[in-house]
Structure formats: C-alpha cells, structure tokens
Amino acid sequence: MFGQSRSQRLRGALAGTLGLGLVVGLAACGGSGDSDDDSTAKQSIDCSQFSSYGDLKGKKVTVFASIVTPEDKAYTDSYKPFEDCTGVDIVYQGDKSFETQILVQAKAGNPPDIAIVPQPGLLKQLVATGKAVEAPAEVAANVDKFWDKAWRGYATVDGKFYAAPSGASVKSLIWYSPTEFKEKGYQVPTTLDQLKELSDKIAADGGRKPWCAGIASGEATGWPITDWMEDFMLRLNGPEAYDKWVKHEIPFNGPESTAALDGVGAYLKNDKYVNGGLGDVKSIATTTFQDAGLPIVDGNTCSLHRQASFYAANFPKGTKVAEDGDVFAFYLPGKDASSKPVLGGGEFNLAFADRPEVKAFQTYLSTDTWANNKAKVSQGWVSANKGIDPNNLSNPIDKLAAKILLDPNTVFRFDGSDQMPAAIGSNAFWKQTTSWITGQDTKTTVDNIENAWPK
Amino acid sequence: MLAAILLFAAVVGVILFVATLFRGRRADRWVAYAYLAPTLVMLLVGLVYPGLRTIYQSFFNAAGNAFIGLDNYQTIFTDPDQLTVLRNTVFWVLVTPFVATAVGLLYAILVDKSKFESAAKALVFLPMAISFVGASIIWKFVYEYRPDQGNVKQIGLLNQILVWLGGKPQQWLVDSPLNTFLLIVIMIWIQAGFAMTVLSAAIKAIPDDIVEAARLDGVTAWGMFRFVTLPAIRPAVVVVLTTIGIGTLKVFDIVRTATGGQFDTSVVANEFYSQSFRSDNQGLGAALAVLLFLLVIPIVVYNIRQLRRSEAL
C-alpha cells in the first residue's frame, strides 16, 4: 500500500506534502511538515488522559473511510494527540468508493481495524458479514453519556451495540441570502406555513424564483429528493410515523408518504417556485446538486435552497458564509414553532478487531476530548457529541449546526434512505423520485417504490 | 512486491526444472503440458470458477442465502424496470454495430487513395484512443442544457445549434428512449474509427486486376461497391460487425458516465453492476451477468468462425 508511514516524522512530512504540495508545489515540503508536527505536538496535550490505555508503543491501527484529501487532514490531525501519547501509529486510508470497497473487504476477510461508516444501513450489512466486533464497554458508556438516545439505536444490531457515532451533519437547512432578506424585509420563517407564505411572496415580488434545486449526482441522481421527502415525512407525520416508515412497518405507498411527497411536490413541482435561473421543473433532474444552490449568490435568480450543512463548501471562494454575510442557512421549520424535528446524517467508528490498541483508539474517538480536538482542526464538520464546546468550531455554519443538534427540544432522526434496504435506499427511491421530478405522478412513484421493497 | 516477483520466478523455475525431467519419445507433449499448466490454473481460478460461481449465485436470493430457482430470471423478463433495460440493450445491439460499420465503410471508401488519406483516417481513428469515460464526458458537454433565459448562454453544442436555428434548448438526456439513442451516438463515434481502419485495409487488399476488369466492363460507382468491393471484403465486414456487437453488449462506461443509468437508459451490463453493488441484490446481479454471457456467446462463436474464414482467404 502507498503512503503507509512507519514513523511520526514521515507521517508529518507526508501530511505536509499532501496539504501544501497542492497549493505551493513541492518546494519546502519537508520543513513545513516538521514544524507542523511539532506545533501540534507541543500544543497543550495532556497525556495523562491516555495513561489508562496501558503500554501500546509500536502498535498499529488501520483506519478506512470515505473521506479523502483535503478533508482527511482534519481526521489525521485529530488522531495526533493519541498517537503522540500512546505511541500507536494510526494508518489512515480514504477511498471515494468506500461503501462498496468496505463490503468487499469485510466479506473477503480483509477488513481494516476501524472503518468510519457513514450509514446505519451499511453498518448493519457489515455486522451481517460476521466480521465486525462489538464496541467495548467504555465506548458504550461514552455513548450513553455524550449522545442522544436515538444515536445508540442506529449502531445497535440484534441488541448488540457496535459503534460510537463520530461526525454528524444537519440536513434540515435552507440556504438563503441574508443581504437579500434584509433588503426586501423577508423574515426567516418559523413554521411550515410561513415558509409557504414566504415562497409565495418571493414569487409575487417577481424578478426571481423563490427556490432552486438540483438532484443530479451521477448514478446517485435523486438522493436530494429523498432528503426533501424525509424532512416532510418527519414534519407532516411526526417522528413515530417516520420510524415506522423507515422500518417498513407502514407501506411506502400509504397516506403518510403520499402526503409527504405531495408536500415536496408543492415546492419542487411548482412552476412558480422553481427552478430559479436553472430552467423549468425538469431541469432539477439534470442540475448537479453541487451547482443547484449557487444562483442564490451567483446571478441572484433564486432565494432559497434546501441542502445540508456541508453545502457551505460549494459556494465560490470569497463568499461570506455567515448570519450577516452573502449566504447563510436557517432551520427548515417544523409544522409549528414548538416542534423541532431535525433530519441529519452521521458516521460511526466500527471496529473489525479487538486488539487492545484498537479498543483504546475506539474509546478515544468516543470521548468529548476527541470531538473537541477534531472541532478545532475542522471546517465544515460538527458532531452530535454533547461534550463538544461550540466555541471550538470556527465557522458560523458549523456553529449553527451544533446549536441545532445540541438544542434539548431537537428531535433528531437519521437519514431514512440510508437506513432502508439498499434496493430501496440507494436504488428504487432515487430512481423513482427522479422519474417523479421529470413528470411521473405521485401515486405511481410511491407504488413503484413499495413494489421494489425486498420481500 | 519483491516477494511476488520472487515467487513468480520460483514457480517458473520449478516448471522449467520439471520440464527437463521428461525424456524419450513423448517428452515434447509433456513439456507442452508443463508450460500450459500455469495458464490453465489461472484460467480455472480467474475465469471458470467465477463463471460457475456466478451461475450458481443467480439461483439465489438477494442476500445469497436462499435458493429461489429461476425467480431472478423471471424478474428480468417481467419487472417493468428490467424490461426497459432489455429494451435499451436491444436498441444498442441493433443500432450500434450496423451504423458504426456503415459509417466506417463509407468513410474508408471515400478517403481511399485520396490526397489526404492518412490525415483523414487519423482524424476518425482518434476517438478510439479516448477512453469511454472521456468520450462520454465530451459528449455530455455536447448535450449540455442551459435554460432558455435572456442572459443565459448555451454551453452545449447541440443546444447552441438548435438556438441558432431558432429552436428552444432541450434537455437531451432526460427523455426516453431518445436519450438511449443519443448515448449510442457516443459509441458509434468511438467505434467508427475501428471499423474504418479494418475495412480500409480489406479494401486495399482487393486485387487490382479485379478492379481493373470491372472498370473495363464500364461498371458504375455503385456497381463497383455492390458487386466488387462488398463481396471482396465481406468477411472483414462481418468481423467488424460482430466485434462491435460484442463491445456494445458489454457497454457500461458510457451509460454510467453520461446518465448513471437514470432516465430509463440502463443496459444489462450497467444494471448488473448496480444490482450487485448498489442495490445489494447479488442474485439478480448474477442473473443479469449470466444473461449477458449467454447473449455474447453466439456472437463470439460467429466472430471466431468468420475470423478464421477471413484468414483462410
């Protein structure tokens, strides 16, 4: 394997090379790598908290994840205190096709020590291979201490608890332009009805369409609609119905999901509302989700775009993402101001080995210490770990996401399509909602998805 | 890496050593067997075993733990989504080889013995050098759509031409089955160069005396093509047709890159991948792979026969 480093120094140099090499070329990489390493090492690391793990010097733990350069640097940086204090070498590998690769590796009996799994559905599949290892008691204790109850459930298979959540994302967000809102006197809506009124108002004011949307994403085309529908399922029918829907205890073509999809249709299939600057309703199908929100700042042809917190990274360089900036997001409101359902995603650290060093590392990752270490070095990352200090997050959108996640009134639900069987969650649901946006009616759409459910 | 090379050297060494042990009348035969053994083992491990395993898996359910007989095959021929996949595959196989071969043949005849022959040939042959993924990305730009709005400029060639002619820009890759044919164009663009090269070589191999004799008889251009050129290069045409046909049945990259199989553009090879790896339905995926295998076999057999015949000429 390439990039497997044998020593701390080499690792530092490598990280420096990767990070800097992209920006300034290969000059001066060695020096910067070293100083980078030193500064992190000297920065207030209290090694005493790691002493309970025992002597692990010279051991190695492999980590496999879907996060690649440049976002992986924040991960490797956050591992450094653990590496420096325990002497364990963490070998990180990122792969964009992680989701198929990890299954192949697990089935072939060649998995990494720790996999950062982005979906509960995939986690269940991996547990089903029989290669995953139950989480140690310390991790379970940390999860009870630092996370909302729902999270433990997502990583529990047949009553056994497997993995602590690490990162989390908030999907129930609507991007908008604070400047435009201020100019035109628009208010951030606090109920679904107000959202509708706002959309009508923007449409009536003319000059631009209220919404822009895009669902193209290669073979995953359609996934942004699944998020829309999950948000509406959660708001129109409540979290209990949502859970039943995800587990297929109520049918996909029942009145609840029909209402939810029609609720989405009231926005996305409405010619008066979409698709600001991008074409007609059908253009949603061919606009990539990365480009879809740009008309808010680029050309000012639409005002609202529903997308997760990570969307901040898509705006062009120089765009000020802040409450008083060019673009920011607000919470996609619930049915009334008192209910606060939040749709989100997250990652779980699943272990495939129970060597002491793997257990120790897994435990470190489940602590508030790690969450805060990671928060300090990250951009566009947030955790639902209650021990996280929002002041450690540097950008406003991460702070907003953390605020929403840590709000005691928040009812968090994990992305539904990620929990449904793959035949639905990453096939029929995508495909049928894509057909729906290009003209297929709601009934045919929900019927087809129901029929595709594995028997 | 070094270990692998050493292991390889050791295996080769053992085989060579074993080969020297045989003496006597039948030694040649045994030496041949010894040399063939590694290839045979690799074929068994890398081709025969996975093949049989796939066939076996195609009789099992999605998770691969319950025998369900021919249900997966029944799904392929009854499920509306799968029927669309079959329909698209039929379009691909019927259109691509014939059009690509026709274009290649026409081009070969047109540029034959012209002044710029080699340059003209290179031009058409170039797409062959581009990967399917690259070609699909290029053509995605050709089909690219921008809305029909005052200040918005088209960036797609096809829509720009349409706008110049006074039409409205279309979302070419959304409407089925038109989108499938637009994807087929990409394959034709790639394969026409291959057809042209092979057929051009065949045309040049036609003996001059036949052509001269036909000229003396006062044959027309069409007559020359119909009664002299075509019969003479018939085996080459068949080889080109079948080779492109095999490639077309397996087409995957183009569909995956251009539309991801969305908007009813999926074909068997793409569907087999998406069922196996995305939908987690290994049984159906395996059944589709077996179907693809069965469809390819007759063409491969015919292709090899024709190839032998054309070599015999």
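Reply: Helix α1 (residues 2-21) of chain B packs against helix α2 (residues 27-57) of chain B at about 165°, with the axes 9 Å apart. That angle is over 145°, so α1(B) counts as roughly antiparallel to α2(B). The crossing of α1(B) over α2(B) is right-handed. From α1(B), the contact takes B:I15, B:L16 and B:A19. From α2(B), it takes B:V31, B:A34, B:Y35 and B:P38. By class, this contact has seven nonpolar residues, no polar and no charged ones. Bear in mind that the model is predicted.

Now the domains of chain B. The assignment gives domain 1 as 1-57 and domain 2 as 79-312. The C-alpha centres of these two domains of chain B lie 38 Å apart.

Next, the packing between the chains. Helix α17 (residues 422-437) of chain A meets α12(B) at an angle of about 135°, and their axes are 9 Å apart. That makes α17(A) oblique to α12(B). On the chain A side, the residues are A:A422, A:S426, A:N427, A:W430 and A:K431. On the chain B side, they are B:E271, B:S274, B:Q275 and B:R278. The contact of α17(A) with α12(B) divides into two nonpolar, four polar and three charged residues.

Helix α11 (residues 255-268) and helix α18 (residues 442-452) of chain A have axes that come within 10 Å and cross at roughly 130°. α11(A) and α18(A) are therefore oblique to each other. α11(A) passes α18(A) in a right-handed crossing. A:T258, A:L261 and A:D262 of α11(A) make the contact with A:T442, A:T445 and A:V446 of α18(A). Those residues divide into two nonpolar, three polar and one charged.

Chain A also has two assigned domains, each written as two segments. Domain 1 is 6-170 + 343-414, and domain 2 is 173-307 + 421-452. Their centres, taken over C-alpha atoms, are separated by 32 Å. Eight residues of domain 1 of chain A touch 10 residues of domain 2 of chain A. The area buried between domain 1 and domain 2 of chain A is about 760 Å², and carbon and sulfur atoms give 69% of that. Which residues of domain 1 of chain A lose the most area to domain 2 of chain A? They are A:L343, A:I397 and A:R413, together 66% of what that side buries.

Last, the loops. Most residues other than glycine have a negative phi, and most peptide bonds are trans. In chain A, a cis peptide bond joins A:V274 and A:N275, with omega about 5°. A:N275 is in the loop between α11 and α12 (283-286) of chain A. In chain B, a cis peptide bond joins B:S176 and B:P177, with omega about 0°. B:P177 lies in the loop between α7 (157-164) and α8 (178-204) of chain B. The remaining case is a backbone angle: phi of B:D264 is near 55°, a positive value in a residue other than glycine. B:D264 is found in the loop between α11 (253-258) and α12 (268-278) of chain B. That α12(B) is the helix that packs with α17(A).

Definitions and conventions
Residues are numbered from 1 along each chain as its sequence is written. Chains are lettered from A and ligands numbered from 1 in the order in which they are written. This is a predicted model: local features need pLDDT of at least 70, side-chain atom pairs count only at pLDDT 80 or more; totals for chains, interfaces and linings use all residues. Side-chain values use heavy atoms; hydrogens and water are left out. Axes are lines fitted to C-alpha atoms, for helices over the stretch in contact, and angles run from 0 to 180 degrees between N-to-C directions. Helices (H or I, at least four residues) and strands (E, at least two) are DSSP runs, numbered from the N terminus. Angles under 35 degrees count as roughly parallel, over 145 as roughly antiparallel, 65 to 115 as roughly perpendicular and the rest as oblique. A crossing is left-handed if the near helix is turned anticlockwise from the far one by less than a right angle, and right-handed if clockwise. Contact means heavy atoms within 4.5 Å. Ala, Val, Leu, Ile, Met, Phe, Trp, Tyr, Cys and Pro count as nonpolar, Asp, Glu, Lys and Arg as charged, and the others, Gly among them, as polar. Domain bounds come from an automatic or database domain assignment. Buried area is the accessible area (1.4 Å probe) that two parts lose on being put together, summed over both.
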